[in-house]
Amino acid sequence: MHAAEPMPRADIDKPAPRWIVLKFGGTSVSERSRWDTIGALMRERADRDGVRVLAVVSALSGITNALQNIIDVHADDTACAERIAAIVQRHRAFAETLDLDPDAVLGERLRKLDALLADPRRTSAQLDWQAEVLAQGELLSSTLGAAYLSKQGATFGWIDARDWLQAAPLPNQNEWSRRLSVSCDTRIAPAKRARFGNGAALLVTQGFIARHGDGETAILGRGGSDTSAAYFGALLSAQRVEIWTDVPGMFSANPRQVPDARLLSRLDYEEAQEIATTGAKVLHPRCIHPCRAANVPIWIRDTSHPQMEGTVIARSVASVPGVKAISSRRGIVLVAMETIGMWQQVGFLADIFERFKRHGLSVDLIGSSETNVTVSLDPSDNLVNSNVLEALCADLAEVCRVKVIAPCAAITLVGRGMRSLLHKLGDVWAEFGRERVHLISQSSNDLNLTFVVDEALLDQDGADGMMPRLHALLIASGAMPVDESAVFGPSWRALHADATSRAVPWWRTQREALLELATQGTPRYVYHLPTVREHARALAALPAIDRRFYALKANPHAAILRTLEKEGYGFECVSGGELAHLFKTLPALDPQRVLFTPSFATRGEYADATARGVRITLDSTFPLKHWPELFRGRDLILRIDPGFGHGHHEKVRTGGKGAKFGIETGTLPAFQATVDAIGARIVGLHAHIGSGIAESSHWADVYARLASLADGIGTVSSIDVGGGLGVPYEPDAVPFDLAAYGAALAAIKAAYPQYELWVEPGRWLVAECGVLLTHATQVVEKSGVHRLGLDAGMHTLLRPALYGAFHQIVNLSRIDDADVDAFDVVGPICESGDVLGRRRKLPVATTGNDALLIADTGAYGASMASNYNLRGLPGESVLDDIGLDGGAP
Ligand code: LLP
């Protein structure tokens, strides 16, 4: 269960003028122009609404990570001092960007930061010292911001959040969370409240920090700044709290999975709490309770679209019954406990729950029968980073038989009046009925209906995926509110209409040429080089990126390699085979334009790479320890596991504990020692967290993480944030936001300008340049399912079978004909998984023989094809408008 927080007292006598609390995160405080926006929003509210305004701000992007790195190496004086120096430098530089005198504005603060090295708490009271270190980021950013804004006319005051937010210990907290993940008490005497801000109308303070009763600094933990804003809202009985973020609000589903998801314009606190807790990441779940208890409305607003209404969460909203949202959470672990002795056995549940408590594990959902109790565990750092589950199971085995079912996903329908809506949810139940549901839980608060299923079900991407299907069924079911305009705003798709109205794909205008190529034999991939150039140039136009390497595993066709070489790209190879092919295709290529980033490669491959003089990336000490002669005296790049991964499918997420790639940051000193021992140097850091990532913000986080590590190494000159940029495979999906990707990188690059920023995308450069031509073979109906057979199958295009990936399929021969039926489109391979698309509406001649096209197959299409069933490899052709010689693949 989620821990209860202490109840602040709702106050009746609210002093005028009231407060509005605004919260801004790290990206919003790391650029001068963003501070101009913050100032404008604050002044506008003060002038228009006659209120006083408090802005709660986070640390500059990357700084909390950098401070965490000081804690990680706290025992090593030199490393600590270097890291502190880098943070000082970063803030001095930013002060100059804001036209402020760094010594006058930050002098004392920076001295305090330096003094942390000699602080006795570093050894005597480590958690207090850690809290003090972590607090510095917000103290610095808020000091800079208040000074900058005050120069522009109105006076902006600054207050220390710790003087007002008092940590309140909760029962059953361990020592760490008692100091570094605290909750706060927001009760305050009206007389004291009246003194808040000493009469200033515009104030800046820090998120994330509070104070313990003993005077030491306390840290609020994850989601800290949102929660700080909520605490201040409650403490001041504010008119409202505005959370400024990078999305317009909460949606009826995750818009990345379900573009038809609707903006939720109005929610009550309980619904918002359920949605935040069951998956949506817009608002931290901890921040709703303080506002609810003090009856302070929360607004969510989009920093890049300040005029957009966003989501309002408030009690005054008349509650409208109906399902408001469907959300999903990954990484759920189920623990099923079975005992024959349970029937009417007194104290069994007490016995088992005591063991969960002993291991610090929070139980979320519960299902039980006479002989079985199944519970779900909240995903937590504790669960991911330790062997706590094994230890729990060993303890539970004393009282019952235990089975762990993982990884699971919880899919939750949220909305008021769920109990009276069940009869409308027939189709939704039927959809789940086709899958293995491990647990169903309906909460007695009448707000939540949750199904726990295998996590793999969520991995089916695109319009065919589970979440879009369920969302569409919900809309059709009539279970969503009748008076929907009171609840729902526009859909994500409508809000991004400009972004989604993509240009006509090249293959439409090249249809005749493609039909001609199809007569040369299918299955056949065709690559359109002007599209490759278009992508290459768009990426090259981002000023933050210093060097670009093409990950040729996506598509090593010779014409594509030549095209990208001419566009100034380098190359990233992962095997001896790729190196040989690259240098055969481009014999004059400068080896310094080539990265070699293999995984578990042989000694022979490293020897070949060193002989060729390419840049080598290592991701463990094994090669250094066993084959030191290969690396002696060399410049090396080190692949880091930043501790998190992303991607369109779990099989392509390459960061985090479960992935085989990279070294954990904690083992960096050992790696460095091995490198030093053979006289080599770490000149670059690298991370590639996964492939097919739709959101554009992650790479800036990766850069920040690597840059703060690089500061501690001292010999690093470049930081490679990998590839992974997503592609909109569904015809109406939102394209990857390249401009936002470039802007996020530029913001963080400004913080660490001393490193060259490198990227190595594959998919994004070539996916849309390729199509797969294929011929229909047979049209068959069986048990009501219509199947269209193709000469292409999983041996030609593996992605649908391997990842449940979506690719658009069109009948090129009948491109303007009306659809006749919905087909499962299948290949000729003797496996049931040989399905290229399900329930596709297509015009199809019953005789077979039509030429079909499978779109966006330029990346990981031909390069993953096989000769399975001895059906042969696909053909490949090239279309170009400047007569570049296609050459042999
Ligand atoms: N750098 C490294 C170290 C990589 O491992 C990869 C891809 C890339 C760069 C390029 O990532 P991209 O920009 O293409 O996402 N077969 C899967 C994709 C596997 C990606 C493997 N590594 C698929 O079809 O979705």
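User: What covers the buried residues of helix 1?

Analyst: This is a predicted model, in which local features need pLDDT of at least 70, side-chain atom pairs count only at pLDDT 80 or more, and totals for chains, interfaces and linings use all residues. Residues are numbered from 1 along each chain as its sequence is written, and side-chain values use heavy atoms, with hydrogens and water left out. Helices (H or I, at least four residues) and strands (E, at least two) are DSSP runs numbered from the N terminus, and contact means heavy atoms within 4.5 Å. The cover of helix 1 includes strand 1 (19-24), strand 2 (52-57), helix 3 (77-97), helix 6 (126-150), strand 6 (202-206) and strand 9 (240-245).

User: Which residues of helix 1 are buried?

Analyst: An α-helix has 3.6 residues a turn, so residues three or four places apart point the same way. With buried taken as under 20% relative accessible area, exposed as over 50%, and partly exposed in between (1.4 Å probe, protein chains only), the buried residues of helix 1 are W35, I38, G39, L41, M42, R45 and A46. Seen down the axis, by the directions from the helix axis to the C-beta atoms, these buried residues fall within an arc of 160°, so they line one face of the helix. On the other side of helix 1, D47 and R48 are exposed.

User: What is the order of the strands in the open sheet?

Analyst: Strands of a sheet pair through backbone hydrogen bonds, either parallel or antiparallel; here two strands pair if DSSP finds at least two bridges between them. The eight strands have the order 3-6-2-1-9-12-13-11, with mixed pairing, and the edge strands are strand 3 (157-158) and strand 11 (266-267).
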